[in-house]
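Visitor: I would like to learn how to read surface patches and helix faces in a model. Please show the structure first.

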Amino acid sequence: MISRRALELATAILTGGFGVAVVVQSLDNGIGWSSAGVDAGTFPFLTGIIVVLGSLYNLVRGLVPAASLANVPIAITPLELRRLAGLFVPAAIFVAAIPLLGMYLASAGYVFAVLAIPRHQSLPRALAMAAATALALYVVFERMFQVSLPHGALAAALGF
């Protein structure tokens, strides 16, 4: 079980780290004014600063013992944690599979896994929906918008 305080502290640290990464990258891109106008890193820098400040505020609120939601002993029960993992784990695998399988196969695999493994849909229906998802992505992006989505290392190895 996860306490509300631990959840808020972890979220504040995670979002703060994201904000710091945005600020550092923005400094590499340049902030301020140039002869062409505002440098490319200016607005991401300001956004990163706002994220860091918000994260620091949440971190302090999570650390200070006060009569707030941070003192709720249990924020996520084991059942809720399993349901959350049921959403997060397939999504993480999907993102990790994109460089290897490409967007189309990874999307088809994700849709199939989300529908068939927890038995929300029958196996043939899940396969049909997975194939329809990959086909729809291909038609919309490759044909209509003429934007190539990642094809992955597998397609490169097979010569596609």
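Visitor: Which residues form a nonpolar patch on the surface?

Guide: Patches are made of residues with over 30% relative accessible area and no salt bridge, with like charges joined within 9 Å and nonpolar side chains (Val, Leu, Ile, Met, Phe, Trp, Tyr) within 5 Å. A salt bridge is a side-chain nitrogen of Lys or Arg within 4 Å of a carboxyl oxygen of Asp or Glu. Here L100, L101, L105, L154, L158 and F160 form the nonpolar patch, with about 640 Å² of accessible area together (Shrake-Rupley method, 1.4 Å probe; for residues, only the protein chains shown count as cover). This is a predicted model, where local features need pLDDT of at least 70, side-chain atom pairs count only at pLDDT 80 or more, and totals for chains, interfaces and linings use all residues. Residues are numbered from 1 along each chain as its sequence is written, and side-chain values use heavy atoms, leaving out hydrogens and water.

Visitor: Which helix gives the most to the nonpolar patch?

Guide: Helices are DSSP runs of H or I, at least four residues, and strands are runs of E, at least two, numbered from the N terminus. α3 gives the most, with three residues. L100 lies in helix α3 and is exposed, with a relative accessible area of 53%.

Visitor: Where do the buried residues of α2 fall, seen down its axis?

Guide: Buried means under 20% relative accessible area, exposed over 50%. In α2, T42, G48, V52, S55 and G62 are buried. They fall within an arc of 165° (directions from the helix axis to the C-beta atoms), so they line one face of the helix. On the other side of α2, F43, I50, L53 and Y57 are exposed.

Methods:
Buried means under 20% relative accessible area, exposed over 50%, partly exposed in between (1.4 Å probe, protein chains only).
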